[in-house]
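Here are my notes on this model. Please read them with the structure open beside you.

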Amino acid sequence: MSEPTMNANPGPLPKDVDDFLRAVLEALRIPDPATVGDAERFREVLDNRAMDVVVAIEGVLSDRTGWAIKWVTPYLRKRLAKNPPTGYRAAGSPHSAEPSGEGGR
């Protein structure tokens, strides 16, 4: 019996799966905090967005019909819009979000 080839390319992902994975990436890839003072808000934003991702993945995986991904992806994006990566200064962007209170120290 031959072993399966791990380098086989099955082709592009289905559009709905690609869209869902892009939403997950959008949720979790947020700008790093600029200073230690920005880290607490950064963690809060990331934790909330990660929980939204967990709920979305659970919704997709618990659906036996395969239809959930079509409504879970827009739902995840709406949740992300309600919790944007703001309220802290992002690394590499001196004018991003609100000051952390670290300035002038």
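The points below go from the overall fold to single side-chain pairs.

1. **Basis.** This is a predicted model, in which local features need pLDDT of at least 70, side-chain atom pairs count only at pLDDT 80 or more, and totals for chains, interfaces and linings use all residues. Residues are numbered from 1 along each chain as its sequence is written, and side-chain values use heavy atoms, with hydrogens and water left out.

2. **Fold.** The chain has three helices and zero strands. Read from the N terminus, the order is α-α-α. Both element types are DSSP runs, numbered from the N terminus: helices are H or I with at least four residues, strands are E with at least two.

3. The chain has 105 residues, and 23% of them count as buried. Buried means under 20% relative accessible area, exposed means over 50%, and partly exposed lies in between (1.4 Å probe, protein chains only). Take the contacts with a separation of 6 or more: 64% of them join residues 24 or more positions apart. A contact here means heavy atoms within 4.5 Å.

4. **Surface.** The accessible surface of the chain is about 7800 Å². Carbon and sulfur atoms hold 57% of that. Areas come from the Shrake-Rupley method with a 1.4 Å probe; for residues, only the protein chains shown count as cover.

5. **Nonpolar patch.** Which residues make the nonpolar surface patch? They are Met51, Val54, Val55, Trp71 and Tyr75, and the patch covers about 500 Å². Helices α2 and α3 each supply at least two of its residues. The largest share, three residues, is from α2. Met51 lies in that helix, α2. Patch residues must have over 30% relative accessible area and no salt bridge; like charges are joined within 9 Å, and nonpolar side chains (Val, Leu, Ile, Met, Phe, Trp, Tyr) within 5 Å.

6. **Aromatic pair.** A search of the whole structure turns up one aromatic pair. Phe42 and Tyr88 form this edge-to-face pair, with 5.7 Å from centre to centre and 80° between the planes. Phe42 belongs to helix α2 (residues 36–62) and Tyr88 to the segment after α3 (68–82), so the pair ties together parts 46 residues apart in sequence. Phe42 is buried at 13% relative accessible area. Tyr88 is buried at 1%. The rule: rings of Phe, Tyr and Trp (its six-membered ring) pair if their centres lie within 6.5 Å; planes under 30 degrees apart are stacked, over 60 edge-to-face, and the rest tilted.

7. **Thr73.** Is Thr73 buried or exposed? Thr73 counts as buried, with 2% relative accessibility. This residue lies in helix α3. Its side chain reaches the backbone oxygen of Ile69 at 3.0 Å. Leaving aside neighbours within four places in sequence, Thr73 is in contact with Asp16, Asp19, Phe20 and Ala23.

8. **Salt bridges, count.** How many salt bridges are there? The count is seven. The rule asks for a side-chain nitrogen of Lys or Arg within 4 Å of a carboxyl oxygen of Asp or Glu.

9. **Asp19 and Arg77.** These side chains meet in a salt bridge, 2.9 Å from N to O. The pair links distant parts of the chain: Asp19 is in helix α1 (residues 15–28) and Arg77 in helix α3, 58 residues apart. Asp19 is partly exposed at 30% relative accessibility. Arg77 is also partly exposed, at 28%.

10. **Arg79 and Asp52.** In this salt bridge the closest N and O atoms are 3.4 Å apart. Arg79 lies in helix α3 and Asp52 in helix α2, so the pair ties together parts 27 residues apart in sequence. Arg79 is partly exposed at 32%, whereas Asp52 counts as buried at 12%. Elsewhere, salt bridges that share partners join Asp19, Glu26 and Arg77 into one network.

11. **Arg41 and Glu44.** Their salt bridge has its closest N and O atoms 3.1 Å apart. Both residues sit in helix α2, three residues apart, so about one helical turn separates them. Arg41 is partly exposed at 23% relative accessibility. Glu44 is partly exposed at 41%.

Note on methods:
A polar contact is a pair of N or O atoms within 3.5 Å; within protein, one must be able to donate a hydrogen and the other to accept it, and residues adjacent in sequence count only if both atoms are side-chain atoms.
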